Amino acid sequence: MKPTRVWDLIGLAVIAAVATWLLVRTFYGSLPPIPVYAGASLYPVALVETILAFVIRSRVDRRQIGSGPRQIHPITAARALALAKASALVGAAATGVWIGFLLHVMPMVSTVRAAASDRAGAIVGLVAGAALVGAALWLEHCCRTPDDSPDEPTP
């Protein structure tokens with residue numbers, strides 16, 4: 001499996017930001033208020049992935065990969081890698097959505113009361129999306145075997 005490319009994540013975030021900005025620009029008046037905890041659901045996922053990354057990293061460093069006790073099964077590491085790749089995409093999309101929302105709301109903060117109250121929830125969601133991307137990329141990095149070189153081209 002190839003490492004997740006940062007440019008793919010940036011591209012996804014930009015597409016999500018533009019699409020969200022267009023939608024919010026059109027339908028902002030009919031949207032419900034954004035609570036502060038709206039985007040906070042990604043924080044527990046980022047925390048679990050960070051913990052999992054440290055566990056996998058310690059087992060890989062001590063060569064505890066296998067099917068024995070106190071070892072991590074190779075299928076478990078492969079599943080963690082798949083989770084990391086999927087989470088990186090979800091986090092990039094969520095980050096783009098909140099950026100698009102903020103692009104519409106920020107210029108109106110001083111004049112529209114609803115925009116001022118929606119800003120906090122959007123910032124919490126933006127940080128949560130970025131935290132999920134960071135945790136996912138860290139987990140992906142920790143799932144590499146010691147023999148893997150990060151920038152080795154594949155034939």
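Visitor: At what angle do helix α3 and helix α4 pack?

Guide: Helix α3 (residues 74-105) and helix α4 (residues 113-142) pack at about 155 degrees, with axes 7 Å apart. By the way, this is a predicted model, where local features need pLDDT of at least 70, side-chain atom pairs count only at pLDDT 80 or more, and totals for chains, interfaces and linings use all residues. Residues are numbered from 1 along each chain as its sequence is written, and side-chain values use heavy atoms, leaving out hydrogens and water.

Visitor: What makes α3 roughly antiparallel to α4?

Guide: The angle is about 155 degrees, and angles over 145 count as roughly antiparallel (under 35 is roughly parallel, 65 to 115 roughly perpendicular, the rest oblique). So α3 is roughly antiparallel to α4. The crossing of the two is left-handed, which means the near helix is turned anticlockwise from the far one by less than a right angle.

Visitor: Why is the contact of K85 with E140 called a salt bridge?

Guide: The term asks for a side-chain nitrogen of Lys or Arg within 4 Å of a carboxyl oxygen of Asp or Glu.

Visitor: How many salt bridges turn up in the whole structure?

Guide: A search finds two. R5 also forms one with D8, where the closest N and O atoms are 3.1 Å apart.

Visitor: What makes S87 count as buried?

Guide: S87, in helix α3, has a relative accessibility of 7%, so S87 counts as buried. S87 and A135 are 48 residues apart in sequence but 8.6 Å apart in space, C-alpha to C-alpha.

Visitor: Which residues form the nonpolar patch on the surface?

Guide: V6, W7, I10, V14, V18 and L22 do, with about 600 Å² of accessible area together. Patch residues need over 30% relative accessible area and no salt bridge, and nonpolar side chains are joined within 5 Å (like charges within 9 Å). L22, in helix α1 (residues 6-27), has 42%, so L22 is partly exposed.

Methods:
Accessible areas come from the Shrake-Rupley method with a 1.4 Å probe; for residues, only the protein chains shown count as cover. Helices (H or I, at least four residues) and strands (E, at least two) are DSSP runs, numbered from the N terminus. Buried means under 20% relative accessible area, exposed over 50%, partly exposed in between (1.4 Å probe, protein chains only). Axes are lines fitted to C-alpha atoms, for helices over the stretch in contact, and angles run from 0 to 180 degrees between N-to-C directions.
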